[in-house]
Amino acid sequence: MTLADLVPGDIAKLESIDTSDPGVIRLMILGMVEDIIVHLQNRAIGGDPLEVGFFGSSVSVRKEQARHFKVTRMTKSG
Amino acid sequence: MADKPEVTIPVNKIGIRQKAKATITLIGNPNAGKSTLFNRLTGLRQTTANYPGVTVEKHQGTLQLPDQALSLIDLPGIYSLDGDSADERIAVDVILGRMSGTEKPSSLLVVIDATHIYRGLYLLEQLLELQLPTMVALTMIDAATATGINIDVRALEKKLGGIPIYPVSSISGHGLDELKQGLTEITQLKPPLIPASWPELSETAEQLSQQLGANWQRIDVIQALLQTQETLVDQLDKQLGSEIVADIRHRLFEDAHPVAAETRQRYRWIKSVIAGVQEQVPLYLKLGVRLARWTNRPWPATLLFFVVLLLVFQAVFSWAIPLMDAIDDASGALATWIVAQLGHNALSSFLADGVVAGVGSVIIFLPQILILFLFIIILEDSGYLARTSFLMDRVMRSVGLSGQSVIPMLSSFACAVPSIMATRVIPSRKDRIATMMAAPFMTCSARLPIYALLIAAFVPDRPMGWLNLQGIVLFGLYVLGILGGLGTALLLKSSALKGPKPRFVLALPEFRRPNLQTVAIKLLERGSIFIKRAGTIIFAAAMVVWVLAYFPRMDNVEFRATVVQSELSEPSQMENLQSAAQLSQSWLGRIGKVIEPVFVPLGWDWRVSSAVVAGFPAREVVVAVMGTIYAVGSEADDQSLAEKLNAARWPDGRTIFTLPMVLGLLIFYAWCLQCAATLATIRRETNSWRWPIFAWTYMTSIGYIGALVVFQTGSLVST
């Protein structure tokens, strides 16, 4: 399961990251690294991009990059 | 706070008060409150806004303390030293002393937002590799407390190897005095220890730098190893041998991407630090989150976006009217008074028709422009503009750009000049240029006077639901500008500027209540820029136009000869005829008639044509020029410019300002690039003449073609 498969409200843990995409490296610089807990807050029209929250801040992530983040869903809060 | 060193008085301070000027560089993440803190410390005014990348210029200020003055530099916000946008590269180059003409900073004040220390500490850990005296200002400390984040500052200082941390709130002023006191001692701080987040990297780099010699600082070696500075990578390979370098890299990064390895190492350490010093780690902030979530739900958000835009245009039109009427009355009265005092002569005509009518016809739009800017500043400062780039990313992708182009384009509704500078946040040069070519299509505030004049004169003030027809036409013109811009981006991105799909990675700020003082200061700044333009460029243009319209004076004998048959007509009519004849044979009239054939297919007579041509350096001049031309050639000064336009006729008696002609003129103004400042900015930002020349030629051509098509088809339909 990847970050792109989550629905708004989901909380998940980042398991592994495929770093072949330069956009993914930028997201890692912003703090999206393995083992952190993320919260999918929203999606824009058409489901893309995603608004991902972690450590008190939000980042906009396109689906294209979200697919490179493998996650485990932890809970589902409506 | 940090342990204060023993009080020792340096020799040079005994007896004489030294005016030591240490230079302290402020650096931090975008939106960390860096610019606000800079303002609080220096008292200097400058732009601070709530979206990443607004501080595009180098800002310098002085912190005046009782016994000394400190020089402060504010830089664009960055997330790391591996910056990939033009904006971030500027900041990184300045910090690393690689910017020619700028001294390497002697000490750093790292600004960290207390509600976002996770990301702030990452940059701090990188900056510690510079080995400069470093302090931390922990901003928004009250917002953090309000959201339940409690940071043990002492414990954090210890984890960071003794870097002094000053918790401050720029809003309440809490902690500022302590920070100022601390800054006076910044140069006496010892260089920071090896950062604890990845000691292996730092120690390896330190050893290599000693081995390589004085040209290599620890940070240079790190950047060469991380492969973030290409020139350094080559140099290191040359000096050490590429096999040895590859070996070192393998030992540090194994087979991972070097920067990815760095983020993993440093953030792992940061996570453990936060667990030890911060009481609560909220998954997301409560402050404004509900609003943020609702306004980000796809449909409400998009709907809200358009409602906000419509509301802005409605307000621009209806709220400003009483004020505009007052200004109009005042300038009319002033002109009449001048003529009454001085009588009819060159001087009174110059003052009344040239200065008052010309400048007054532009000043009248000040209320509308202030209202427009008020909305834009509030949207900017509340964080809504950043939300729109998230929201509009999909739309922008369809024309080959990304959400990152949205903020420059939206701020272009105010003025294209800062918006072209704001494109620096866009990493790819091709995308950046495409955005620069699209941005000038957005309806800037200088277009507003001509739109407002023509709409008020020729579009009926008819209510349409809770809006009125005039507001809707204005909205339509804004849409026309947006379509022109997006179409241009699409065209360029699928031809000359074809490139890889742009990336879109953006930190989204929370909603914040705009600070009243900041809004007021910015509004004042904008207003005074407009008035200054009216007082200089537009004043000068109005003067030149008056001279061209007033001279050469017609020979009285010549005039009598032409009107000898109308001896019997009333004196006022006689005067009319005289001024019309005078204008027509003036230099302006002669020039106008030479260029008239170019614009006749658009339905413009020589007066409109010469006003439009005079508007090429700055488009709002056109209103001033029309004000002057129609004042010089008109009978009654108590008529407004709109009424005078309505009364304008071709020599054969046909109305000049017909609906197709006015619509064409509006379209011309929606698309044409009449702004020397924009061209100069494009030239500076692209560092080539190619793009400003292209932008001007392209926009002028499609403005002309648009006006031509509308006038010709409109005239066919209406006959």
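Strand β1 (residues 23–28) of chain B runs parallel to β4(B), and the two are joined over five bridges. Strands here are DSSP runs of E with at least two residues, helices are runs of H or I with at least four residues, and both are numbered from the N terminus. Two strands count as paired if DSSP finds at least two bridges between them.

Why is strand β4 (residues 107–113) of chain B largely enclosed by the rest of the structure? Six of its seven residues are buried, so the strand is largely enclosed. A residue is buried if 20 or more other C-beta atoms lie within 10 Å of its own, exposed if 12 or fewer do, and partly exposed in between, with C-beta atoms placed from the backbone.

All of this describes a predicted model, in which local features need pLDDT of at least 70 and side-chain atom pairs count only at pLDDT 80 or more, while totals for chains, interfaces and linings use all residues. Residues are numbered from 1 along each chain as its sequence is written, and chains are lettered from A and ligands numbered from 1 in the order in which they are written. The pLDDT is the predictor's confidence in each residue, on a scale from 0 to 100. Chain B averages 81, and 86% of its residues score at least 70. Within chain B, confidence is highest in strand β6 (residues 165–167), at 97, and lowest in helix α26 (residues 556–563), at a mean of 55. Over residues 9–20 of chain B, pLDDT stays under 50, and the model has seven contacts beyond four places in sequence for them. It also stays under 50 over residues 47–56 of chain B, for which there are 44 such contacts. Where pLDDT is low, the predicted coordinates should not be read in detail. For the complex, the predictor gives an ipTM of 0.95 and a pTM of 0.76.

Chain B as a whole has 34 helices and nine strands. Of its 719 residues, 47% count as buried. Two residues are in contact if their C-beta atoms, placed from the backbone, lie within 7 Å. Among contacts in chain B between residues at least 6 apart in sequence, 73% join residues at least 24 apart.

Beyond four places in sequence, the contacts of B:Val136 include B:Val110, B:Ile112 and B:Leu124.

In helix α21 (residues 429–438), eight of the 10 residues are buried, among them B:Ile433 and B:Met436. The elements that cover them include α23 (469–493) and α34 (690–718) of chain B. In helix α29 (residues 606–614) of chain B, eight of nine residues are buried, including B:Trp606 and B:Val608.

The last topic is where the chains meet. The contact takes 31 residues from chain A and 36 residues from chain B. On the side of chain A that touches chain B, the largest share, seven residues, comes from α1(A). That side divides into 13 nonpolar, 12 polar and six charged residues; Ala, Val, Leu, Ile, Met, Phe, Trp, Tyr, Cys and Pro count as nonpolar, Asp, Glu, Lys and Arg as charged, and the others, Gly among them, as polar. Strands pair across the two chains as well: β4(A) and strand β9 (residues 505–508) of chain B are antiparallel over four bridges. There, A:Val61 has B:Val505 as its bridge partner.
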